[in-house]
Amino acid sequence: MEDELKFSMRFFSDQQLCYADLLPPSEVLPRIEVAVLNFLRILTSPAPAISDLSLVARNSSNGRVSEGIFTEVSWIFLSRSSCTRSLMRANAAKAFVRVWKVMEMCYKILAEGKRVTQRELYYKLICDSPDYFSSQLEANRTIQDVVALLRCSRYSLGIMASSRGLVAGRLLLQEPKQEVVDCSICGSSGHAISGDLDLLDNLILKSDARYIIVVEKHAIFQRLVEDRVFNQIPSILITAKGYPDIATRFLLHRMSRAFPELPILALVDWNPAGLAILCTFKFGSIGMGLEAYRYACNVKWLGLRGDDLQLILEEALVPLKPKDYQIAKSLMSSDILPESYREELALMVQNGQRAEIEALYFHGYDFLGKFIGKKIVQANYI
């Protein structure tokens with residue numbers, strides 16, 4: 001599937017598409033070594049200088065959306081516009097040093113044949129270089145700088161996904177030479193998704209489901225699993241407990257490859273954050289635009305949507321918060337949003353209100369399964 005997506009990328013060559021390779025340590029280590037040697041070559045030349053680091057720019061102006069020529073899946077990609085990290089600019093000097101610190105750490109991790117989570121890497125960085133790393137966000141951004149510099153994936157750098165995701169329902173999982181895990185009997189907590197992308201990629205998957213349902217919220221996921229909705233609606237349920245992590249996105253993408261005939265339907269709150277979560281599953285994100293094609297899926301919006309508000313009491317609607325308006329503004333300014341999604345977002349902003357999935361419990365705790373079933377039967381998703 002990855003080869004097919006890369007093949008389709010050739011049709012965007014006029015836009016100079018960029019992506020991060022998935023590489024073994026034997027190929028990543030030389031890329032780091034070449035970066036160091038180039039830096040030293042310029043530093044020790046007859047006209048010595050400290051070279052800037054040229055990175056693929058990760059911003060909305062450098063983002064594009066594929067149109068899925070050979071597949072129904074669309075995804076965000078980045079073109080070759082670049083930005084720099086420079087030691088000679090006061091506002092970028094620390095960012096410049098941070099890139100080298102992270103590359104050094106990744107080199108050691110790969111040389112030792114190990115993998116770490118972003119959190120583990122952050123604590124190692126603040127122990128070794130406390131003057132340069134003051135927050136997890138700084139470490140995360142620098143990791144993406146290194147991805148943009150070396151053009152290899154975060155996983156290729158020895159950094160594992162820290163997974164929050166769960167899966168349940170009509171799915172059998174089997175690691176090579178291990179026992180089969182039946183996700184329909186894992187209880188209301190579901191089966192925890194591993195952060196090891198190699199393991200996820202090698203899973204043997206079997207299912208008699210007819211749908212995959214992506215659930216935004218953990219509590220809603222638990223309710224659906226407890227009610228065994230996957231028996232009434234033959235389905236696989238998956239959640240990232242909010243904004244999707246890489247491992248959950250990877251498993252969803254993996255299932256979309258294994259079961260290409262299954263519609264993937266998303267159940268999210270009717271608010272800008274819910275729509276942003278759906279779009280991350282569907283298209284990827286600008287911040288990880290170099291890897292978006294590897295995780296994007298053809299996700300449809302099941303609910304909540306504007307036409308579902310008739311089922312919700314006026315008293316259950318909540319005013320939008322300033323953060324909601326910020327997210328809405330960001331989504332509206334992006335080219336990724338389909339027109340039907342843009343109309344829904346405009347309605348949210350116009351109403352100044354948001355609706356949470358739990359508001360449907362006014363009709364009873366078992367109503368949610370009926371709500372999902374009716375919308376599926378009517379093919380009421382976009």
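Leucine 265 stands opposite lysine 300 in strand 15, where strands (E, at least two residues) and helices (H or I, at least four residues) are DSSP runs numbered from the N terminus. The model is predicted, so that local features need pLDDT of at least 70 and side-chain atom pairs count only at pLDDT 80 or more, while totals for chains, interfaces and linings use all residues. Residues are numbered from 1 along each chain as its sequence is written, and side-chain values use heavy atoms, with hydrogens and water left out.

**The mixed sheet**

Strand 14 and strand 15 are paired in the parallel sense over 4 bridges, pairing being assigned if DSSP finds at least two bridges between two strands. They belong to an open sheet of 6 strands in the order 10-7-13-12-14-15, with mixed pairing. Strand 10 (191-192) and strand 15 (299-303) each have a single partner strand and stand at the edges, so one side of each is left without a neighbour in the sheet.

**Helix packing**

Two packed helices are described by the angle between their axes and the distance between the axes. Axes are lines fitted to C-alpha atoms, for helices over the stretch in contact, and angles run from 0 to 180 degrees between N-to-C directions.

| Helix pair | Angle | Axis distance |
|---|---|---|
| Helix 10 (residues 272-283) and helix 12 (residues 339-351) | about 160° | 10 Å |
| Helix 2 (residues 25-43) and helix 3 (residues 93-111) | about 145° | 10 Å |

Helix 10 and helix 12 are therefore roughly antiparallel to each other, a label for angles over 145 degrees, whereas those under 35 count as roughly parallel, 65 to 115 as roughly perpendicular and the rest as oblique. The contact (heavy atoms within 4.5 Å) is made by Pro272, Leu275, Leu278, Cys279 and Lys282 of helix 10 and by Tyr341, Leu345 and Met348 of helix 12. By class, this contact of helix 10 with helix 12 has 7 nonpolar, no polar and 1 charged residues, where Ala, Val, Leu, Ile, Met, Phe, Trp, Tyr, Cys and Pro count as nonpolar, Asp, Glu, Lys and Arg as charged, and the others, Gly among them, as polar. Helix 10 also lies across strand 12 (211-215), strand 14 (264-267) and strand 15, running at about 155° to strand 15.

For helix 2 and helix 3, the contact includes Val28, Ile32, Glu33 and Phe39 of helix 2, and Phe96, Trp100 and Tyr107 are among the residues of helix 3. The residues of this contact of helix 2 with helix 3 divide into 13 nonpolar, no polar and 1 charged.
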